Amino acid sequence: MSRVATMPSLPERLSNSSADYRDPLAQVAWETLDRDLPWMPEEMVSLYGTPEWEALDPERRRLLGQYELVAFLELGLWLEALFMQRIAVRAGRGPAGGLEDYTYQLHELREEAGHSLMFVEVMRRSGLPALSDRLPRPRAATAFARLAPFDSAGFWATILIGEDVPDQVNRALYRDERLPQAVRDVVSVHMREEARHIAYARQRVGDKLDRMSPLGRRALAVLVRRVFRQFIEQCFYPPPGVYARAGLENPRALARRARSSPHRARVVERCVAPTVDFLAAHGLALGPSSASGPPARDGAD
């Protein structure tokens with residue numbers, strides 16, 4: 001009697017893909033991290049498309065893009081620290097919930113730590129001061145990521161938002177061959193490994209949402225929508241302190257200009273569309289992300 005082969009589960013396939021782990025720091029051409037080159041495509045810089053951008057000289061445009069990349073990497077450090085904390089606590093309980101998921105989550109923990117090391121190395125080599133004191137993190141999103149049950153639809157929706165949206169930014173950076181090879185190497189490693197993380201998060205949140213009642217999904221959407229909008233704020237709209245660090249005058253006015261920029265709104269819509277569409281297909285409607293501008297900040301600027 002022939003034995004029917006069974007298809008490996010998604011966690012098994014992802015673990016197999018992660019098995020040949022390479023130190024991400026060894027995959028980056030660090031010597032190419034040149035401060036005389038732009039580190040971000042101009043169209044991805046927050047002020048692009050505004051009169052204030054047109055008034056900036058090339059050096060200030062380049063410097064602002066470099067500070068905004070550092071802010072983006074610090075956002076990655078914050079997100080990955082939250083996720084690593086949750087995975088580490090979960091791993092401490094052992095594989096009682098299933099060996100396949102447990103194994104893959106350990107692979108993901110290792111890869112997230114590697115990403116954080118890459119981000120820190122970019123910041124160290126850049127010579128630019130850290131922006132942590134200028135980048136207050138949203139309280140609601142932080143609390144939800146820390147306190148939502150690990151196996152809940154809300155937790156995995158939050159993880160998907162935090163991985164899928166920055167992945168779209170990484171793709172824009174990788175496509176621009178004018179950027180230093182080091183920047184493109186960092187986002188290349190990040191994209192390759194995040195593809196597995198995103199696939200896993202999509203399966204987890206999709207399965208859980210599909211088992212929820214319509215009323216449960218609508219109630220969850222209220223909370224996830226707030227987390228989503230706070231994350232968009234963090235990812236795409238720098239606070240005044242970032243403009244000040246780049247040496248620009250009237251940083252508060254510049255922050256307001258970016259928040260009202262039609263071009264910036266289009267960039268946001270393009271980057272969030274895959275996540276919004278996926279969650280909507282599983283009954284979690286987040287609604288428009290930036291059509292009416294980002295929400296007011298909670299915290300200092």
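This is a predicted model: local features need pLDDT of at least 70, side-chain atom pairs count only at pLDDT 80 or more; totals for chains, interfaces and linings use all residues.
I count two residues as in contact when their heavy atoms lie within 4.5 Å. Residues are numbered from 1 along each chain as its sequence is written, and side-chain values use heavy atoms, with hydrogens and water left out.

**Entry 1: Met 123**

I looked up Met 123 first. It touches Val 70, Glu 74, Leu 77 and Leu 128, leaving out residues up to four places away in sequence. Met 123 lies in helix 4 (residues 99–126). I take helices as DSSP runs of H or I with at least four residues, numbered from the N terminus. Is Met 123 buried or exposed? It counts as buried because its relative accessibility is 16%. The cut-offs are under 20% relative accessible area for buried, over 50% for exposed, and partly exposed in between, with a 1.4 Å probe and protein chains only. Met 123 and Phe 236 are 113 residues apart in sequence and 19 Å apart in space, C-alpha to C-alpha.

Ala 91 sits in helix 3 (residues 58–91). I noted 17% relative accessibility, so Ala 91 is buried. Beyond four places in sequence, Ala 91 touches Tyr 102 and Leu 106. Ala 91 and Leu 106 are 15 residues apart in sequence, and their C-alpha atoms are 7.4 Å apart.

Next I checked Ser 15, in helix 1 (residues 10–18). Ser 15 has a relative accessible area of 8%, so it is buried. Its contacts, neighbours within four places aside, are Glu 100, Thr 103, Tyr 104 and His 107.

**Entry 2: the core**

A nonpolar core is a set of buried Ala, Val, Leu, Ile, Met, Phe, Trp, Tyr and Cys residues joined through side-chain atoms within 4.5 Å. How many residues does the largest one have? I found 87, and those with the most contacts inside it are Leu 64, Trp 156, Ile 232, Phe 236 and Leu 279. Helix 3 gives the largest share of this core, 14 residues. I then followed Phe 236, which touches Ser 46, Val 165, Val 169, Arg 264, Val 267, Val 268 and Cys 271, not counting residues up to four places away.

**Entry 3: cysteines**

I looked for disulfides, meaning pairs of cysteine sulfur atoms within 2.5 Å. The count is zero. Cys 235 is buried because its relative accessibility is 13%. Cys 271 is buried too, because its value is 4%.

**Entry 4: helix 11**

Helix 11 covers residues 262–281. I expected 1.5 Å times one less than the number of residues. Its 20 residues should span 28 Å, and the end C-alpha atoms are 27 Å apart, so the two agree. A kink of about 50° lies at Val 272, shortly before Pro 274. I read that bend as the angle between axes fitted to the seven residues ending there and the seven starting there. Buried residues of helix 11 include His 263, Arg 264, Val 268 and Leu 279. What covers the buried residues includes helix 3, helix 6 (153–175), helix 7 (181–210), helix 8 (214–236) and helix 10 (251–259). Just after helix 11, Gly 283 takes a positive phi of about 90°.

Technical notes:
Helices (H or I, at least four residues) and strands (E, at least two) are DSSP runs, numbered from the N terminus.
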